[in-house]
Amino acid sequence: MKEFDAAEVAKHNTQDSCWVILYDHVYDVTDFLTSHPGGSKIILSLAGQDATEEYDPVHPPGTLEENLKPEAKLGRINPKTLPKKDETKEASSSNEAALGSPPLESLMNLDEIEEEATKKISQKCWAYYFSASDDMKSKSFNNTVYRDILLRPRVFLDCTQCDTSTSFLGHPVGIPLYVSPAAMARLAHPDGERGIAQAAAKFGAAQIISNNASMTPEQIVEGAPEGQVFGWQIYVQNQREKSVTMLKRINAMPKHFKFICLTLDAPVPGKRELDEKGNFDRGLSVQAAKPGGEEKRPGGGGVGQQLFWGTAADLTWETTLPWLAEHTDLPIVLKGIQTHEDAYLAAKYAPHVKAIILSNHGGRALDTAPPAVHTLLEIRKYCPEVFSKVEVWVDGGIKRGTDIVKALCLGAKGVGIGRAALFGLGAGGQAGVERTFEILAAEMATCMRLLGAKNVSELGPRFINTRRVERDIYDGEPGLDKRGLWQRAKL
């Protein structure tokens, strides 16, 4: 295999001839520039250089082979010709980080874990994880709405026993908690999604793996204990064959993957300003569409915007669910329900649809969209029969074990965390995620004991006061056609 000097590679730094160094090999990516999901400017900013450090945390193994022709791999780089890293600076930074990191057990809540992670992760990583759409009202309201629900503890009850176990879609879990599909985990720590999976296993929690995970599904579930519950998130692609190929991979792993999670709350990307500004900080600008040239990428090309490139926006009840039924026998979980009307429609597709997730995408899609708590209350008001047809899960804004308990009292079967798992990873890798679960599990158990609930099945509306929140929920016409109630849809 031919060997190149770094100086020779550096000459190929234009749109007409673009080479990059990845994992000690030299690649000609000129033909790939116009089809890169993040646009050509991101690659061009690294043209002629070693791009491994930028590339590795966001691309699963196999990405190069899937997207580049074999002849694009030109040869190896002579490592002696690469610029030397500032080892003194790296060692100093590493020592400072080690000396300045408090013990994970001293982090008492999720806010402290996020604060610690923010010190350690890159600005690009923080901006992607922290950002939400527009003014971030939905993101903040997702959390604060739980503060407006008051608990109603009972006393003179034996609270020595507390069982947090339950089940998702008939599969036992140790705690009613799952990790929402959160992308790009290796931006925070090399442990990535597999580290999250291993942490979840210790608490019997479930994990929905992101369609845009930075590790392959095979890597993530490797070594998972018998019975650990995984779901696979799917964003249906404009090029449907890509989605079909991935579904085949997931179908081949029934031991681990128990359902498909179809995300519906972000058919187009939201405007995440903090994330988008990251490209300007790196000297990249918004790409304009050019006649006959490269098609314009969404937004300013932030990490979140780039991930949506190629995602289909034409999904419908009538076409998409039958299409899914053709390509997988796994149960379907619909993520992103934000109104009682859509919850009702989803329930009409049972038993093909087994569960729904009330979610506004962590406030990252449409700002001022309702929190899951509001949708829970809408369902209870307008169509409570939904709870008997499908499992109802929620995510968004969970910061305390009491938040989990309140959601369960309102009828949720499962509660998801997304950013919390990622920031746990940033704070301490797999151990940081374990600390996140440990805090939430302990707070949840304490709350249940003080309420007087011995197990999850005993939780219900009698333990909470939602009057303050109920004033703000939708109060219009039901908008439901209940004729032929629960007539099974023809898929």
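I will go through some salt bridges and then turn to a helix crossing.

Before that, please keep in mind that this is a predicted model, in which local features need pLDDT of at least 70 and side-chain atom pairs count only at pLDDT 80 or more, while totals for chains, interfaces and linings use all residues. Residues are numbered from 1 along each chain as its sequence is written, and side-chain values use heavy atoms, with hydrogens and water left out.

The structure holds 16 salt bridges, a salt bridge being a side-chain nitrogen of Lys or Arg within 4 Å of a carboxyl oxygen of Asp or Glu. In one of them, Lys124 and Glu54 meet through their side chains at 3.4 Å, N to O. This pair links distant parts of the chain, with Lys124 in helix H7 (residues 123-130) and Glu54 in helix H3 (residues 52-55), 70 residues apart. Helices here are DSSP runs of H or I with at least four residues, strands are runs of E with at least two, and both are numbered from the N terminus. Lys124 counts as partly exposed at 26% relative accessibility, and Glu54 counts as partly exposed at 30%; by the cut-offs used, buried means under 20% relative accessible area, exposed means over 50%, and partly exposed lies in between, with a 1.4 Å probe and protein chains only.

Another salt bridge joins the side chains of Arg186 and Asp56 at 2.9 Å, N to O. Here too the pair links distant parts of the chain, 130 residues apart, with Arg186 in the loop between strand S8 (177-179) and helix H9 (192-203), and Asp56 in the loop between H3 and helix H4 (63-67). Is Arg186 buried or exposed? Arg186 is buried, with a relative accessible area of 15%, whereas Asp56 is partly exposed at 25%.

Elsewhere, Glu116, Lys119 and Lys120 are linked in a network of salt bridges.

Let me now move to the helices. The axes of helix H11 (residues 240-251) and helix H14 (residues 317-327) come within 10 Å and cross at roughly 45°, where axes are lines fitted to C-alpha atoms over the stretch in contact and angles run from 0 to 180 degrees between N-to-C directions. The contact, meaning heavy atoms within 4.5 Å, is made by residues including Leu247 of H11 and Trp323 of H14.
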